[in-house]
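Me: I would like to go through this structure in questions and answers, taking the strands, the helices and the meeting of the chains in turn.

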Protein chains: 2
Amino acid sequence: MNYELYYWPGIQGRGEFVRLALEQGGAEYRDIALLPEEQGGGVPALLKFLEGPDVARPPFAPPFLKAGRRLIGQTANILLFLGPRLGLAPRDADGRLWTHQLQLTLADFVLEIHDTHHPIAGGLYYEQQKAEAKRRSRAFLAQRLPKFLGYFECVIERAGGKWLAGRQLSYADLSMAQVVAGLRYAFPLASKKALRSCPRLRALHDAVFARPRIRRYVASGRRLAFNNEDIFRHYAELDD
Amino acid sequence: MNYELYYWPGIQGRGEFVRLALEQGGAEYRDIALLPEEQGGGVPALLKFLEGPDVARPPFAPPFLKAGRRLIGQTANILLFLGPRLGLAPRDADGRLWTHQLQLTLADFVLEIHDTHHPIAGGLYYEQQKAEAKRRSRAFLAQRLPKFLGYFECVIERAGGKWLAGRQLSYADLSMAQVVAGLRYAFPLASKKALRSCPRLRALHDAVFARPRIRRYVASGRRLAFNNEDIFRHYAELDD
């Protein structure tokens with residue numbers, strides 16, 4: 001199967017959770033919006049599906065995936081679809097449901113991380129909500145960050161190995177490693193402190209980014225760098 | 001199958017999306033935390049699974065569902081599991097994925113509705129974030145509310161009937177009706193205005209709450225009333 005991924009150019013964003021699965025799964029895929037516009041890429045390629053009047057099942061927002069005739073939106077839903085096809089989900093139905101449950105909890109976590117710098121509106125600049133971002137970040141770092149990290153640490157411990165959803169690497173592990181990396185970019189001080197009590201999460205992050213296919217992907221230059229237009233943003237004033 | 005639903009007592013919350021599916025599906029279920037503590041109910045029944053050291057696959061938060069030996073968390077994941085079992089999802093795999101995608105988009109919408117009154121932290125009172133709530137609500141009502149409603153209105157239109165995911169009622173329709181009802185409680189003025197251009201959504205709401213099983217559920221007194229401890233809250237100062 002040839003896949004087509006559609007996501008905003010210039011940022012990792014939620015598209016990166018899908019890319020990591022496609023890369024680790026050895027899938028053939030094209031990252032459509034990263035192609036030049038004259039080759040059918042760029043933002044217009046996204047808008048065709050978001051705003052086109054003939055799309056029977058339109059996605060609400062990127063990322064979305066074309067897989068044959070299927071058009072699939074919502075990051076966790078894309079991974080639910082891809083997981084078994086790429087060997088990145090348990091074989092049993094209960095294990096798949098559990099892996100998806102973890103992915104949805106990661107999605108909640110990611111949104112709370114995003115909202116630390118955009119607590120008022122995604123349509124406003126950070127500079128227009130700095131004071132609110134400071135308050136929200138303080139609450140996030142004090143309560144939510146340790147709660148989420150402690151939860152996932154506990155999940156790995158109870159799974160009895162080094163991964164979240166069982167003895168095999170799953171797409172949820174790839175997303176978890178990406179979240180750890182993003183937190184270290186956004187909140188280097190606070191995340192270092194919070195991760196001190198999470199040896200399993202630190203090891204999971206290292207194990208994912210040591211995988212040969214993920215290493216090759218990172219080395220290829222195709223993985224965009226974290227930056228302050230993205231979900232994970234570093235504002236020193238929020239990190240204490 | 002006998003189901004056990006676990007959700008915070010006193011509010012509809014995210015538990016209500018699961019309840020509406022169980023009711024419409026004619027399922028036998030017990031709403032465990034609504035039982036008295038001496039019968040194994042109340043908040044301690046929830047904490048046993050949230051904090052118990054022996055839970056192999058612990059949920060991060062309510063609602064969660066016990067179905068035999070399975071313990072399933074995350075509202076959309078519970079509905080993904082229940083949908084086919086209760087006759088509330090399409091029969092084909094692509095249709096199920098699409099229904100789930102809509103449910104995840106509804107979950108995003110619900111969280112944005114919640115955050116209008118809690119933009120800084122769930123752990124603080126509304127009164128501690130009133131100014132920020134006013135700013136967030138203004139942006140939500142101006143941009144996000146019409147965007148989400150317009151999206152779902154368009155989805156019904158393209159499906160060619162009166163439901164979201166095809167010609168049959170699905171769990172996503174039940175959730176959509178609940179969101180319309182919640183918006184009318186929380187933002188009576190703004191939602192009336194926004195729903196003027198959404199005749200299909202208004203009709204969907206009415207059709208869901210006219211279903212015999214949903215009517216019986218509402219008439220039973222078991223459906224809690226909307227209230228200001230819940231996701232949908234009415235603060236007149238936010239509704240303009």
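Me: In the hairpin of β3(A) and β4(A), which residue takes a positive phi?

Reply: This is a predicted model, in which local features need pLDDT of at least 70, side-chain atom pairs count only at pLDDT 80 or more, and totals for chains, interfaces and linings use all residues. Residues are numbered from 1 along each chain as its sequence is written, while chains are lettered from A and ligands numbered from 1 in the order in which they are written. The hairpin has 2 residues between its strands, and the one with a positive phi, near 65°, is G68(A).

Me: What is the bridge partner of L5(A) in β3(A)?

Reply: Strand β1 (residues 2-6) of chain A pairs with β3 (residues 64-67) of chain A over 4 bridges, in the antiparallel sense. Within β3(A), the residue bridged to L5(A) is L65(A).

Me: Which strands of chain A stand at the edges of the sheet?

Reply: The open sheet of chain A has 4 strands in the order β2-β1-β3-β4, with mixed pairing. Each edge strand has a single partner strand, so one side of each is left without a neighbour in the sheet; these strands are β2 (28-31) and β4 of chain A.

Me: Which residue of β2(B) is the bridge partner of E4(B)?

Reply: In chain B, strand β1 (residues 2-6) and β2(B) run parallel and are joined by 4 bridges. The partner of E4(B) in β2(B) is R30(B).

Me: Which strands of chain B does helix α1 of chain B touch, and what angle does its direction make with that of β1(B)?

Reply: Contact is taken between two residues whose C-beta atoms, placed from the backbone, lie within 7 Å. Helix α1 (residues 15-24) of chain B packs on the sheet, touching β1, β2 and β3 (64-67) of chain B, and the angle of its direction with that of β1(B) is about 160°.

Me: Are α1(B) and α3(B) roughly parallel or roughly antiparallel to each other?

Reply: The axes of α1(B) and helix α3 (residues 75-85) of chain B come within 9 Å and cross at roughly 10°. Angles under 35 degrees count as roughly parallel, over 145 as roughly antiparallel, 65 to 115 as roughly perpendicular and the rest as oblique. The two helices α1(B) and α3(B) are therefore roughly parallel.

Me: How many residues of chain A are in contact with chain B, and of which classes are they?

Reply: 32 residues of chain A are in contact with 32 residues of chain B. The elements of chain A that each supply at least two residues to this side are β4, α3 (75-85), α4 (93-117) and α5 (130-159). Ala, Val, Leu, Ile, Met, Phe, Trp, Tyr, Cys and Pro count as nonpolar, Asp, Glu, Lys and Arg as charged, and the others, Gly among them, as polar. By class, the side of chain A that touches chain B has 17 nonpolar, 8 polar and 7 charged residues.

Me: Which C-alpha of chain A is nearest the axis that relates the two copies?

Reply: Superposing by least squares on the C-alpha atoms of residues with pLDDT of at least 70 in both copies, chain A can be laid on chain B with an RMSD of 0.0 Å by a turn of 180° and a shift of 0.0 Å along the axis. The copies are thus related as by a two-fold rotation axis. In chain A, the C-alpha nearest that axis, at 2.9 Å from it, belongs to P119(A).

Key
Two strands pair if DSSP finds at least two bridges between them. Axes are lines fitted to C-alpha atoms, for helices over the stretch in contact, and angles run from 0 to 180 degrees between N-to-C directions.
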